[in-house]
Amino acid sequence: MNIGLERPIGLEVGHTYHIRLVVDDTIGTLYVDGVALNVRMYERPGESLGVFATDGTVEVRNASIARGLKRK
């Protein structure tokens with residue numbers, strides 16, 4: 001049942017994008033420069049995150065994974 005799982009997004013060469021993934025129970029929200037892409041998960045998410053590019057390259061900098069909420 002993987003119909004509609006891909007969410008293509010057009011990106012500009014040389015532009016730096018700020019990406020944040022938030023998982024809250026069964027909802028996953030990926031923010032790309034403030035634009036939200038949502039998904040409902042019916043199985044427990046994995047322990048890793050994969051990033052790939054079609055017809056290009058990806059450079060990932062300043063990546064981190066946090067569990068729980070940041071408190072100010």
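## Stop 1: a salt bridge

Select Arg 61 and Glu 59: their side chains meet in a salt bridge, 3.1 Å from N to O. The term stands for a side-chain nitrogen of Lys or Arg within 4 Å of a carboxyl oxygen of Asp or Glu. By this rule the count comes to one salt bridge. Arg 61 and Glu 59 are both exposed. Exposed means over 50% relative accessible area, buried means under 20%, and partly exposed lies in between (1.4 Å probe, protein chains only).

Before moving on, note what you are looking at. This is a predicted model, where local features need pLDDT of at least 70, side-chain atom pairs count only at pLDDT 80 or more, and totals for chains, interfaces and linings use all residues. Residues are numbered from 1 along each chain as its sequence is written, and side-chain values use heavy atoms, with hydrogens and water left out.

## Stop 2: the whole chain

Zoom out and switch to a cartoon view. The protein has three strands and zero helices. From the N terminus on, the order is β-β-β. These elements are DSSP runs numbered from the N terminus: helices are H or I with at least four residues, strands are E with at least two.

Now show the surface. The protein exposes about 7,600 Å², and carbon and sulfur atoms supply 53% of that area. Accessible areas come from the Shrake-Rupley method with a 1.4 Å probe; for residues, only the protein chains shown count as cover. Of the 72 residues, 6% are buried.

Contacts give another view of the chain. Take those between residues at least 6 apart in sequence: 5% of them join residues at least 24 apart. Contact here means heavy atoms within 4.5 Å.

## Stop 3

Select residues 19-24, which form strand β1. How many of its six residues are buried? The count is zero, and β1 is hardly covered.

β1 and β2 pair in the antiparallel sense over six bridges. Two strands pair if DSSP finds at least two bridges between them.

Click on Leu 21, in strand β1. Leu 21 stands opposite Leu 30 in β2. Is Leu 21 buried or partly exposed? Leu 21 is partly exposed, because its relative accessible area is 43%.

Follow the chain into the loop between β1 and β2, where Asp 25 sits. This hairpin has two residues between the strands. Asp 25 is not a glycine, yet its phi is positive, about 60°. Asp 25 counts as exposed because its relative accessibility is 65%.

## Stop 4: strand β2 and strand β3

Go to the loop between β2 and β3 and pick Asp 33. Two residues lie between the strands in this hairpin as well. The phi of Asp 33 is near 50°, a positive value in a residue other than glycine. Asp 33 counts as partly exposed because its relative accessibility is 37%.

## Stop 5: Thr 29

Return to strand β2 and select Thr 29. Thr 29 is buried, because its relative accessible area is 10%. Which side chain does Thr 29 join in a polar contact of 2.6 Å? That side chain belongs to Asn 38. A polar contact is a pair of N or O atoms within 3.5 Å; within protein, one must be able to donate a hydrogen and the other to accept it, and residues adjacent in sequence count only if both atoms are side-chain atoms.

Now show what surrounds Thr 29. Leaving aside neighbours within four places in sequence, Thr 29 is in contact with Arg 20, Leu 21, Val 22, Ala 36, Leu 37 and Asn 38.

## Stop 6

Select Arg 44, in the segment after β3 (35-40). Arg 44 is exposed, because its relative accessible area is 66%. Arg 44 and Thr 26 are 18 residues apart in sequence and 8.0 Å apart in space, C-alpha to C-alpha.
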